[in-house]
Amino acid sequence: MNIKIPTKKPRKKELTYKEKQSNTEKSRVRVKCEHTISGVKRYNATTAIYRNRIKDLDDRFMLTAVGLWNFYLMVA
């Protein structure tokens, strides 16, 4: 797996400078990912309840929303 969890502070101790820097780097990556996911969710087709039976339409909605979000980032 590729999960990167921040280092927790030990009880009654402090984190070292290196551990704090590592947590900061992990936080920067996490925030970018969370902003991207929230940006894609702004297109309600990706978060609304899907009740249609057209094959792979939900995947098309997601691809369209991601494409629009990438276009928004390029233009902004």
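Is Glu34 buried, partly exposed or exposed? Glu34 has a relative accessibility of 43%, so the residue counts as partly exposed; the cut-offs are under 20% relative accessible area for buried and over 50% for exposed, with partly exposed in between, using a 1.4 Å probe and protein chains only. Before going further, please keep in mind that this is a predicted model, in which local features need pLDDT of at least 70 and side-chain atom pairs count only at pLDDT 80 or more, while totals for chains, interfaces and linings use all residues. Residues are numbered from 1 along each chain as its sequence is written, and side-chain values use heavy atoms, with hydrogens and water left out.

Let us start with the overall layout. The protein has 2 helices and 0 strands; these are DSSP runs, numbered from the N terminus, with helices being H or I of at least four residues and strands E of at least two. Its radius of gyration is 19 Å, well over the 11 Å that the globule rule gives for 76 residues, so the protein is more spread out than a compact globule. That radius is taken over C-alpha atoms, and the globule rule is 2.2 Å times the number of residues to the power 0.38. Along the principal axes, the C-alpha atoms fill a box of roughly 55 × 30 × 20 Å. Buried residues account for 9% of the 76 residues. Looking at contacts (heavy atoms within 4.5 Å), 29% of those between residues at least 6 apart in sequence join residues at least 24 apart.

Side chains of opposite charge can pair when their charged atoms come close. The working rule for a salt bridge is a side-chain nitrogen of Lys or Arg within 4 Å of a carboxyl oxygen of Asp or Glu, and by this rule the count comes to 2. Glu34 takes part in one of them with Arg30, where the closest N and O atoms are 3.4 Å apart. These two residues sit 4 residues apart in helix α1, so about one helical turn separates them. Arg30 is partly exposed, with a relative accessible area of 41%.

Glu25 and Arg28 also meet through their side chains in a salt bridge, with an N to O distance of 3.2 Å. Because they are 3 residues apart in helix α1, which covers residues 17-41, they are separated by about one helical turn. Glu25 is partly exposed at 45% relative accessibility.

Arg30 turns up again at the largest pocket, whose lining consists of Lys4, Pro6, Lys26, Val29, Arg30 and Cys33. Rolling a probe the size of a water molecule over the atoms shows where empty space is left. Here a pocket is an open set of points on a 1 Å grid over the protein atoms alone, where a 1.4 Å probe fits, with protein on both sides within 12 Å along at least five of seven lines; lining residues have an atom within 4 Å of a point. The volume of the largest pocket is about 160 Å³, counted as the space filled by probe spheres set on grid points joined across faces, edges and corners. By class, the lining has 3 nonpolar, no polar and 3 charged residues. In this scheme Ala, Val, Leu, Ile, Met, Phe, Trp, Tyr, Cys and Pro count as nonpolar, Asp, Glu, Lys and Arg as charged, and the others, Gly among them, as polar.

What does Trp69 touch, leaving out residues up to four places away in sequence? Trp69 is in helix α2, residues 57-75, and touches His35, Thr36, Gly39, Val40, Arg42 and Tyr43. Trp69 is buried, at 9% relative accessible area. Between Trp69 and Thr36 there are 33 residues of sequence separation and 8.0 Å in space, C-alpha to C-alpha. Ser22, in helix α1, is 14 residues from Thr36 in sequence and 22 Å from Thr36 in space, again C-alpha to C-alpha.

Finally, a look at the backbone. Most residues other than glycine have a negative phi, and most peptide bonds are trans. Lys12, although not a glycine, has a positive phi of about 65°. Lys12 belongs to the segment before α1 and is exposed, with a relative accessible area of 82%. Asp56 is not a glycine and has a positive phi of about 60°. Asp56 is found in the loop between α1 and α2 and is partly exposed, at 41%.
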